[in-house]
Amino acid sequence: MNDDAKTLSRIRMALDKAVGRYLSDPNINLIDFGYPECDGQLVESKRAICFHVSQKLSGLRLETAVAAGQTQEIPPSIDGFSTDVREGRFRLSLQQWPWWNWRLPQSDPRAARQEVLRGGISISDEYHNSYGTLGGLVRDRISGVEMILSNWHVLVADWNARAGQRIYQPGRLDGGTGADAVATLTRDAMPVNLDAAVAALNRSRRLINDQYDLGSVRGVAQPTVGMSVVKSGRRTSVTYGRVEAIEGAAQINYGPVDRVIRKVVRILPRVGFQDQVSEPGDSGSFWLNTGTRQAVGLHFAGANFPETAVAMDMQTVINALNVDLVFVA
Amino acid sequence: MSSDDPHFWEKALRARDQLAAQFLGHPDVSLIDIGLDPEDHTSAQRNALRVHVRRLETAKSLGLPGEIDGIPVRVLEGDYHPD
């Protein structure tokens, strides 16, 4: 069954949502997209988001396990795609040495643990099996504490989260664990309709004013229509774009709720280029003016049709969070 | 109205707020912003108010105005998700 590019994009987004929400469940081993099962046979006329679990529970056993916090109930559909639950356990077919320091090999340094932190590398909160991008270094305007700036949905990621939850580098989906905690969640700007948050560094590793493969941030500026911009992100590394619109108000879905996000900046590929500007995992990246390297936007969303990056005005974000970017003038 | 008009941004922001209040709650509307007019293909591409919808076919049913305070209102297709 061949899908057009738009359908494939929808499938990927639905899978991303399922993975982010459910893969940390101890009963779930794998989430993929394929043929559902019926009576042990694959139904090749249908497709579904497939959850491979250690133990398939139903009825009272499922209710009891959910009530005890041991697992979650999987909805019948996610973003228009049916779900299917089947039992399946998987084992590794390679070995690592030394076994007590085992970690997935990371060919992409942005996905790896970095002893010196900088913008453009993998981070996540401690609870969600995901990754986003460490945006950059900021400082609390009152206390002077140094912090990571990124998105709400990267550092907070849950409507029930509380200040103090740990931030891992690399993110959990890149193999980060408790030993990789670098910061603690401090505050966020969702109450004022901005998908942004800051986390205070725990001083286990230093964060410098550097964007991976781009250099240092040299200030903050207003985005203007037509401005050439560049960003460094965990998923698509360094990408270029042009600001096509500003002062936007967007209606974005965050799981159980939709939120209006304001001061939205829309970024398209450069004229005459087949650029990719962003993908899931780039959330939290700083968009910089290509010439001046001043930060103009905090990346938080995107679309594939057409290829689009969506950010929030940086000055608005740092004012709302009461922080300043740390930069070399 | 040209973006060079000193009152352009004041009027555009007010118009954007008006559109947002009226349409941003519609399930098919994803973004309302101020940017390049997609129907202006001249080198001095002017700015417009843009309403982004998840599916273009729903745009007609919204009842969007053609312009507000002399600033054109355009429809674009776009469905945005957190990255």
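Domain bounds, as I use them here, come from an automatic or database domain assignment. On that basis chain A is divided into domain 1 (5-87), domain 2 (109-211) and domain 3 (228-316).

Before going on, a note on what we are looking at. This is a predicted model, in which local features need pLDDT of at least 70 and side-chain atom pairs count only at pLDDT 80 or more, while totals for chains, interfaces and linings use all residues. Residues are numbered from 1 along each chain as its sequence is written, and chains are lettered from A and ligands numbered from 1 in the order in which they are written.

Let me stay with chain A. The centres of domain 2 of chain A and domain 3 of chain A, taken over C-alpha atoms, are 19 Å apart. Two residues are in contact if their C-beta atoms, placed from the backbone, lie within 7 Å. Domain 2 of chain A puts 22 residues into this contact, and domain 3 of chain A puts in 19 residues. On the domain 2 side, the elements giving two or more residues are β9 (132-133) and α3 (152-155) of chain A. Those labels follow DSSP runs, numbered from the N terminus: helices are H or I with at least four residues, strands are E with at least two. By residue type, that side of domain 2 of chain A has 8 nonpolar, 12 polar and 2 charged residues. Here Ala, Val, Leu, Ile, Met, Phe, Trp, Tyr, Cys and Pro count as nonpolar, Asp, Glu, Lys and Arg as charged, and the others, Gly among them, as polar.

Next, some strands of chain A. Two strands pair if DSSP finds at least two bridges between them. Strand β16 (residues 228-233) of chain A runs antiparallel to strand β17 (residues 237-254) of chain A, with 6 bridges. A hairpin through 3 residues joins β16(A) to β17(A). Which residue in β17(A) is the bridge partner of A:Lys231? That is A:Thr239. β16(A) is also joined, by 3 bridges and antiparallel, to strand β19 (residues 286-289) of chain A. There A:Val230 has A:Leu288 as its bridge partner.

Now chain B. Its contact with chain A involves 20 residues of chain B and 29 residues of chain A. On the chain B side, α1 (8-23), β1 (29-36), β2 (47-53) and β5 (81-82) each give two or more residues. β1(B) gives the most, with 8 residues. That side divides into 10 nonpolar, 5 polar and 5 charged residues.

Last, a pairing across the chains. Strand β20 (residues 295-304) of chain A pairs with β5(B) in the antiparallel sense over 2 bridges. In β5(B), B:His81 is the bridge partner of A:Gly302.
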